[in-house]
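Subject: Structure handover

Hello,

Here is the structure I promised to pass on. Please open it first, then read my notes below.

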Amino acid sequence: MEKPKYPVGIQTFSQIRKNGYVYVDKTEYIYDLVTRGKYYFLSRPRRFGKSLLLSTIAALFRGERELFDGLYIAGKEWEWVEHPVFHLALNGQDYNSVEKLDETLHNNMAQWEEHYYLPKGNVSTSVSTRFFNCIRNAREVTGRDVVILIDEYDQPLLQNIEQRREVLHRDMRDRLQAFYSVLKAQDQYIRFSMLSGISKFSKLSVFSGLNNLNDISLDVTMNAICGISESELSRDFCIGIEQLAETEGMSVAETKERLKKEYDGYHFAETGEGIYNPFSLLKTFDKDKFSHYWIESGTPSFLINLIRERDWDLARIGGSTCTELDLRGSDRYLTNPYRCFTRAVT
């Protein structure tokens with residue numbers, strides 16, 4: 001039996017579809033989002049499929065119909081026309097100054113201007129003003145509303161969350177706050193917008209000017225929008241399960257039970273089913289070997305740095321719980337983790 005191709009580390013939808021990699025169809029969730037709303041926010045852990053999700057949405061709004069053959073959304077009514085798509089990924093940079101953040105934003109806008117034949121902006125202009133002009137000009141030049149996708153929106157903030165960078169963190173927050181506020185100011189030109197990250201900074205901080213975001217992070221209907229559900233595991237990885245079972249000298253039932261024990265357990269809604277870590281599953285099937293793959297590359301380093309810097313006593317929160325309200329704004333506990341757990345600890 002030929003071994004399937006698993007997209008380990010591949011986050012681009014077109015590459016996965018064109019090169020025959022295993023793809024778990026998430027377009028039913030995407031169709032629901034794009035047909036019933038306009039502004040969304042999604043928080044998920046690292047290596048959980050957020051970038052692939054946004055890449056898929058980008059391909060949809062670019063009208064790349066052939067990439068969606070055989071998927072759920074191909075059987076639904078959809079316009080299949082090209083919208084201007086501003087896809088911004090804030091990961092992969094060292095944001096050690098506000099100037100570095102500005103440079104990253106200006107570089108992205110220069111690429112958008114060139115691709116859509118927009119009037120050239122100027123780096124001497126504030127990033128928020130240039131972004132404002134990009135959206136308006138794209139609508140005027142193309143005649144279609146703009147799609148804005150921002151991946152790892154919180155990366156500049158998390159890199160500067162430590163106390164010794166408090167001033168830089170505040171400056172980054174103020175700059176991003178003005179940048180993201182443009183989405184609301186240019187509402188008449190926007191078709192769809194989605195921001196993703198690993199944390200949720202409260203509306204009193206970076207989102208204060210963008211209070212129309214629909215946070216779907218803990219919605220039960222979107223529980224499996226990223227990651228792998230039990231039904232998806234059985235449907236899309238049956239060959240991988242059989243091959244892993246053979247390599248490990250286990251039955252298929254034993255292998256599925258081991259997979260559940262090792263990689264299940266993520267719940268993003270109170271009544272939602274458990275979700276498997278996608279990075280761990282892909283690595284396991286690719287290598288035909290169980291191991292702790294996610295912790296090797298997905299550990300949130302900013303949290304480790306905070307624990308070391310502030311000498312948090314993790315024993316104080318061991319076995320405790322927090323409420324959904326506590327999770328709605330993570331900056332409430334990034335500086336004081338005990339705040340969320342007071343009721344359980346005392």
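Asp288 sits in the loop between α11 (278-287) and α12 (293-297). This is a predicted model, so please read every value below as computed from it. Phi of Asp288 is near 55°, which is positive, and the residue is not a glycine. Most residues other than glycine have a negative phi. Is Asp288 buried or exposed? Its relative accessible area is 18%, and buried means under 20%, so Asp288 counts as buried.

Trp80 is another case. Its phi is positive too, at about 50°, and again the residue is not a glycine. Look for Trp80 in the loop between α3 (50-61) and β2 (85-89). With a relative accessible area of 13%, Trp80 is buried.

Now the overall picture. The protein chain has 16 helices and five strands. It runs to 346 residues, of which 48% count as buried. The chain exposes about 16,200 Å², and carbon and sulfur atoms supply 46% of that area. Take the contacts in the chain with a separation of 6 or more: 71% of them come from residues 24 or more positions apart.

Next, the strands. Where does β4 lie, and which strands pair with it? Strand β4 covers residues 190-197, and seven of its eight residues are buried, so the rest of the structure largely encloses it. Strand β1 (residues 39-43) pairs with β4 in the parallel sense, over five bridges. Within that pairing, Leu42 has Ser196 of β4 as its bridge partner. Strand β3 (residues 146-151) also pairs with β4 in the parallel sense, over five bridges. There, Leu149 has Met194 of β4 as its bridge partner.

Met194 turns up again in the core. The largest nonpolar core has 72 residues, and Phe86, Phe131, Tyr180, Phe192 and Met194 touch the most other members. Leaving aside neighbours within four places in sequence, Phe86 is in contact with residues including Trp112, Tyr116, Phe131, Ile135, Val147 and Leu149. Apart from this core lies another, of 17 residues, among them Phe237, Leu244, Phe285 and Phe290.

Last, the cysteines. Cys238 is partly exposed, at 38%.

Best wishes

How values were computed: Residues are numbered from 1 along each chain as its sequence is written. This is a predicted model: local features need pLDDT of at least 70, side-chain atom pairs count only at pLDDT 80 or more; totals for chains, interfaces and linings use all residues. Side-chain values use heavy atoms; hydrogens and water are left out. A nonpolar core is a set of buried Ala, Val, Leu, Ile, Met, Phe, Trp, Tyr and Cys residues joined through side-chain atoms within 4.5 Å. Buried means under 20% relative accessible area, exposed over 50%, partly exposed in between (1.4 Å probe, protein chains only). Contact means heavy atoms within 4.5 Å. Helices (H or I, at least four residues) and strands (E, at least two) are DSSP runs, numbered from the N terminus. Accessible areas come from the Shrake-Rupley method with a 1.4 Å probe; for residues, only the protein chains shown count as cover. Two strands pair if DSSP finds at least two bridges between them.
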